[in-house]
Amino acid sequence: PLDSVAHVWNLTQAVHRKASVDVEQCLLALSAILAISVPLLVVDMVLLGASGAHLLPGLFVSCGILYALLVAATVSERCGRIPAFVNAISFGPETERMRQHTV
């Protein structure tokens, strides 16, 4: 039974690693957009004298990107605890040696 669990665990890890590589590029692009858009909003307000109503769409997009990055950081922090959780699960006394290969 532990062999099938280890196989499923390995497949799950592989899928999550592949997804994280793809999502990482998207998060990098969102971070770059946020780093560029906030100074541009300030320049628009200070130098060009834009009113608050003209800045609202940019502020909403910036807040949305910031929220998405915070949620991604929360998920990353939770995923860091998974190996410790799996190590804490007891599969019985005779499976301790086989369990070392699971995590």
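This short talk walks through one predicted model, from its overall make-up to a few individual residues.

Let me start with the ground rules: the model is predicted, so local features need pLDDT of at least 70 and side-chain atom pairs count only at pLDDT 80 or more, while totals for chains, interfaces and linings use all residues. Residues are numbered from 1 along each chain as its sequence is written, and side-chain values use heavy atoms, with hydrogens and water left out.

On confidence, the mean pLDDT of the chain is 78, with 78% of its residues at 70 or more, where pLDDT is the predictor's confidence in each residue, from 0 to 100. Among the elements, α2 has the highest mean pLDDT, 84, whereas helix α4, residues 96-99, has the lowest, 57.

The secondary structure comes to four helices and zero strands, which gives the order α-α-α-α from the N terminus; helices (H or I, at least four residues) and strands (E, at least two) are DSSP runs, numbered from the N terminus. Of the 103 residues in the chain, 16% are buried, and here buried means under 20% relative accessible area, exposed over 50%, and partly exposed in between, with a 1.4 Å probe and protein chains only. If we take contacts (heavy atoms within 4.5 Å) with a separation of 6 or more, 57% are between residues 24 or more positions apart.

Turning to charges, a search of the whole structure finds one salt bridge, defined as a side-chain nitrogen of Lys or Arg within 4 Å of a carboxyl oxygen of Asp or Glu. The side chains that meet there are those of Lys 18 and Asp 22, at 3.5 Å, N to O; because these residues are four apart in helix α1, about one helical turn separates them. Lys 18 counts as exposed, at 52% relative accessibility, and Asp 22 as partly exposed, at 38%.

Finally, the surface: the accessible area of the chain comes to about 7,900 Å², of which 72% belongs to carbon and sulfur atoms, and accessible areas come from the Shrake-Rupley method with a 1.4 Å probe, only the protein chains shown counting as cover for residues. Val 38, Val 42, Val 43, Met 45, Val 46, Leu 47 and Leu 48 make a nonpolar surface patch of about 670 Å². Patches are made of residues with over 30% relative accessible area and no salt bridge, like charges being joined within 9 Å and nonpolar side chains (Val, Leu, Ile, Met, Phe, Trp, Tyr) within 5 Å. One member, Val 46, lies in helix α1, residues 2-46, and is exposed, with a relative accessible area of 59%.
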